[in-house]
Amino acid sequence: MTTYYPLEKLRKIIGLEYAKYIDPYAGSKGNSVRYLSVAPRTNDLKVDGVDNLFCAGEKSGLFVGHTEAICTGSLAGHNAVRLAIGVPLLILPTSIAIGDIISYANEKAKTRDGRKNRYTFAGAEYFKHMQDIGLYTLDKDEINLRIKKLNLNNIFNLKLI
């Protein structure tokens, strides 16, 4: 994976003046470090043993794909704000796919065999699991209904303070 955001432009952002891309696998020619480790974490994506650290993407589970990274990143960032202002952290329920994959991968990470697999909405072991428990659907109305029943509509748009 090669860098996609121009380094000169990135360095114009305050605090990132000395940023650089480092990839030990590609001799600093890219920005991908994949599957080196997974942080032990709770299902709110808070790293075990660190009071104020959250993880997302491949660091939060052996996740594959942009959707998984976006979903876990959104939840981790949201919960970081919740922690900072003293609001209870959000754990997404396993009755929706993102809550289930976060929980599922967390349980699998505790087993030797589970650490050998990758988890994605797009196929393989988790996709079959999602089908088996009735979470897989392409019906947007069904998905919206599930979210609405849980009062999670626009959860990331709510003002917390």
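Here is a short chat about the helices, the core and some aromatic rings.

Tutor: One thing before we start. This is a predicted model.

Student: Okay. How many helices and strands does the protein chain have?

Tutor: It has five helices and zero strands. From the N terminus on, the order is α-α-α-α-α.

Student: What share of the residues is buried?

Tutor: Buried residues make up 30% of the 161 in the protein chain.

Student: Let's go inside. How many residues does the largest nonpolar core have?

Tutor: The largest nonpolar core has 22 residues. Those with the most contacts inside it are Leu92, Ile98, Ile101, Tyr119 and Tyr126.

Student: Which helices each supply at least two residues of this core?

Tutor: Helix 2 (66-85), helix 3 (97-108) and helix 4 (124-132) do. Helix 3 gives the most, with five residues.

Student: New topic. Is Ser103 buried or exposed?

Tutor: Ser103 is buried, because its relative accessibility is 18% and the cut-off for buried is under 20%. Ser103 is found in helix 3. Beyond residues up to four places away in sequence, it touches Asn43 and Thr94.

Student: Now the rings. How many aromatic pairs are there?

Tutor: The count comes to four aromatic pairs. Take Tyr104 and Tyr119: their ring centres are 5.8 Å apart and their planes are at 80°.

Student: Why is that pair called edge-to-face?

Tutor: Planes over 60 degrees apart count as edge-to-face, so the 80° between Tyr104 and Tyr119 qualifies.

Student: Where do those two sit?

Tutor: Tyr104 is in helix 3, and Tyr119 is in the loop between helix 3 and helix 4. They are 15 residues apart, and the pair links distant parts of the chain. Tyr104 is buried at 15% relative accessible area. Tyr119 is buried too, at 1%.

Student: What about Phe121 and Tyr126?

Tutor: They form an edge-to-face pair, 5.9 Å centre to centre with 70° between the planes. Phe121 counts as buried at 17% relative accessibility. Tyr126 is buried as well, at 0%.

Student: Which residues form one aromatic cluster?

Tutor: Tyr104, Tyr119, Phe121 and Tyr126 do.

Conventions:
Residues are numbered from 1 along each chain as its sequence is written. This is a predicted model: local features need pLDDT of at least 70, side-chain atom pairs count only at pLDDT 80 or more; totals for chains, interfaces and linings use all residues. Side-chain values use heavy atoms; hydrogens and water are left out. A nonpolar core is a set of buried Ala, Val, Leu, Ile, Met, Phe, Trp, Tyr and Cys residues joined through side-chain atoms within 4.5 Å. Buried means under 20% relative accessible area, exposed over 50%, partly exposed in between (1.4 Å probe, protein chains only). Helices (H or I, at least four residues) and strands (E, at least two) are DSSP runs, numbered from the N terminus. Contact means heavy atoms within 4.5 Å. Rings of Phe, Tyr and Trp (its six-membered ring) pair if their centres lie within 6.5 Å; planes under 30 degrees apart count as stacked, over 60 as edge-to-face and the rest as tilted.
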